[in-house]
Amino acid sequence: MKRLNLQSVKTLYLAEMARSMRTILQSIVSPVISTSLYFVVFGAAIGTRISEVDGISYGAFIVPGLIMLMLLTQSVSNASFGIFFPRFSGSIYEILSAPMSYVEVVVGYVGAAATKSLILGVIVLVTARLFVPYSIDHPLMMAVFLVLTAVTFSLLGFIIGIWADGFEKLQLVPLLVITPLTFLGGTFYSIDMLPPFWQAVTLANPVVYLVSGFRWSFYGISDVSPLVSLGMILLFLSVALAMVGWIFKSGYRLKP
Amino acid sequence: MIRVEGLSKTFSDGFQALVDVDLTIQRGEIFALLGPNGAGKTTLISVICGLVNASRGRVLVDGHDNVRDYRAARSLIGLVPQELTNEAFTTVWDTVSFSRGLFGKPKDPAHIEQVLRSLTLWEKRNSRLLELSGGMKRRVLIAKALSHAPQVLFLDEPTAGVDVELRREMWEVVRGLRDQGVTIILTTHYIEEAEEMADRIGVIRRGEIVLVENTHALMHKLGSKELTLQVDEPLEALPESLAGHGLALADEGHALVYSYDAARQEGGSTISGLLADLEAVGVRVKDLHTRQSSLEDIFVSLVQERRSP
């Protein structure tokens, strides 16, 4: 009875994917448009004045950061909504009364959320190609960073979706935490450009490590060592897993 | 089929919803859990089905502990919740198939078809949930619960807030399921429903099971009956020869009310004796009807009995 109940996981995963697919047009159109806007504003308008960063054209420099921006916001919002909605509507009863383990429930929900944000990440990558040429030096590491980040932030979204007791709170964390951290995390600049004091402060921002490592996999340049980036992502992942584990063990807001 | 032993539940706000509940549900029966709103009916069901953690005590489903051996226990159970907004955009077929998959069962279109047909949902299988009427939605919830062929079905207030016609329809559905061998536990605060449907009734009040009894035995034990006789000519007083029957005049002399119960009927006064005596004194009976005390009366007397020291 200990084995993984694959049928249940598959059902939950596919149902979540189907839910995303119902709104696939919005899901694709919005990142494509916002990516294009970033390129127009940052790439074309500002980029002409900042010709190069670390020997990379500014347009190409911001590509990894933009993908990360999309990946983080999408992972958090997909996963938080995915679990919040059934809690809100009451249909969570079905998940809780099914013969599924906690691991299976998390794999189903978080797997689907991460998959969707990965798809969007790839779409942004392809869209960016329309604006700037770029190269990927370490495609395998890029994929590793992409997957680990999507999974970690989908777990974070899952936690937020369970913690939130209203739609306001659901929006709060992405709006007040994720977006500012991403913008201040070296998405549009190298932290070398900052004064030394702010460089030190920035190192406390977890997104810096994600963007830096991800950018390294493209161009071989980074603010911090790629190994440190990888270590930090794995650390965030462990923290998120521990929190999810605690949520299910204690029944927090799921099982009174 | 289900054994609940010493089950207590205290919520984090200190509210004690269940107090040391012991309950055994037999295989193949319809068991009604009857109690006023807030008595703990839904909490009890929720603990058994794994939606709420128990504070103390345990639940065995066909011998499987519902915490340690939750996979085996839960796979035997189907739960129909009170009401909820489902994913409005999915179709009946998809949502019922989803439920089956969630319980780890492989696809079985023939079984889903049979479930949908038995609930007269087959014609609606491709409709989206938001297009369905309230009664249809309830039946979809039942279909979801039946999709994985459970041995026990929990129905939480299956007919709360539905019209009379739909209620009858629900009762038919439930009886049909019992005939297929499904054990059914339903909660209700409608006494007629428990009386109409259940083989056994458990009365729950403030988290305590105050009584579990066979429905007929309960009615027999506590049910008193009343015979009302409409007479042709109004009577100003009871004729003396009728005094032994314990009659009461009602409706300004137009009616006689005769109260009796199963025990008393076997004693001195009988209905046939009463009718003969009425004939003898020349009182002509125009019409008559009997009324059996409903579970509501029984319930009220039970609660009062417990309240008085």
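Predicted model: local features only at pLDDT ≥ 70, side-chain atom pairs only at ≥ 80, totals over all residues.
Residues are numbered from 1 along each chain as its sequence is written, chains are lettered from A and ligands numbered from 1 in the order in which they are written, and side-chain values use heavy atoms, with hydrogens and water left out.

Figure 1. Glu29(B) is found in the loop between strand 2 (16-25) and strand 3 (30-34) of chain B; helices (H or I, at least four residues) and strands (E, at least two) are DSSP runs, numbered from the N terminus. With a relative accessibility of 5%, Glu29(B) counts as buried (buried means under 20% relative accessible area, exposed over 50%, and partly exposed in between, with a 1.4 Å probe and protein chains only). Beyond its neighbours within four places in sequence, Glu29(B) is in contact with Thr24(B), Thr183(B), Ile184(B), Asp199(B) and Arg200(B), where contact means heavy atoms within 4.5 Å. Met1(B) is 28 residues from Glu29(B) in sequence, and the two C-alpha atoms are 9.6 Å apart in space.

**Figure 2. The salt bridge of Asp199(B) and Arg178(B).** The closest N and O atoms of this salt bridge are 2.9 Å apart; a salt bridge is a side-chain nitrogen of Lys or Arg within 4 Å of a carboxyl oxygen of Asp or Glu. Asp199(B) lies in the loop between helix 7 (191-197) and strand 9 (200-205) of chain B, and Arg178(B) in helix 6 (residues 164-179) of chain B, so the pair ties together parts that are 21 residues apart in sequence. Asp199(B) is partly exposed, at 27% relative accessible area, and Arg178(B) is partly exposed at 24%.

**Figure 3. Further salt bridges in chain B.** Over all chains, the structure holds 17 salt bridges. Glu113(B) and Arg117(B) form one of them, with the closest N and O atoms 2.9 Å apart. These two residues are four residues apart in helix 4 (residues 109-118) of chain B, and are therefore separated by about one helical turn. Arg3(B) and Glu5(B) also meet through their side chains in a salt bridge (2.6 Å, N to O). Arg3(B), Glu5(B) and Arg58(B) are linked in a network of salt bridges.

**Figure 4. The interface of chain B and chain A.** Here 31 residues of chain B are in contact with 29 residues of chain A. The area buried between the chains is about 2600 Å², of which carbon and sulfur atoms give 57%; buried area is the accessible area (1.4 Å probe) that two parts lose on being put together, summed over both. In chain B, the residues that lose the most area to chain A are Leu51(B), Arg71(B) and Leu102(B), together 29% of what that side buries. Two salt bridges are found across the interface. In a salt bridge between Glu104(A) and Arg71(B), the closest N and O atoms are 2.7 Å apart. Helix 2 of chain B gives the most to the side of chain B that touches chain A, with five residues.

**Figure 5. The largest nonpolar core.** A nonpolar core is a set of buried Ala, Val, Leu, Ile, Met, Phe, Trp, Tyr and Cys residues joined through side-chain atoms within 4.5 Å. Of the 141 residues in the largest one, Val63(A), Ile2(B) and Phe154(B) touch the most other members. Helix 3 (residues 58-89) of chain A gives the most to this core, with 14 residues. Not counting residues up to four places away in sequence, Phe154(B) touches several residues, including Ile2(B), Ile45(B), Leu79(B) and Ile185(B).

**Figure 6. Ser217(A) and its contacts.** Ser217(A) belongs to helix 9 (residues 206-219) of chain A. Ser217(A) is buried, its relative accessible area being 0%. Residues up to four places away in sequence aside, Ser217(A) touches Ile136(A), Asp137(A), His138(A), Met141(A), Met142(A) and Phe145(A).
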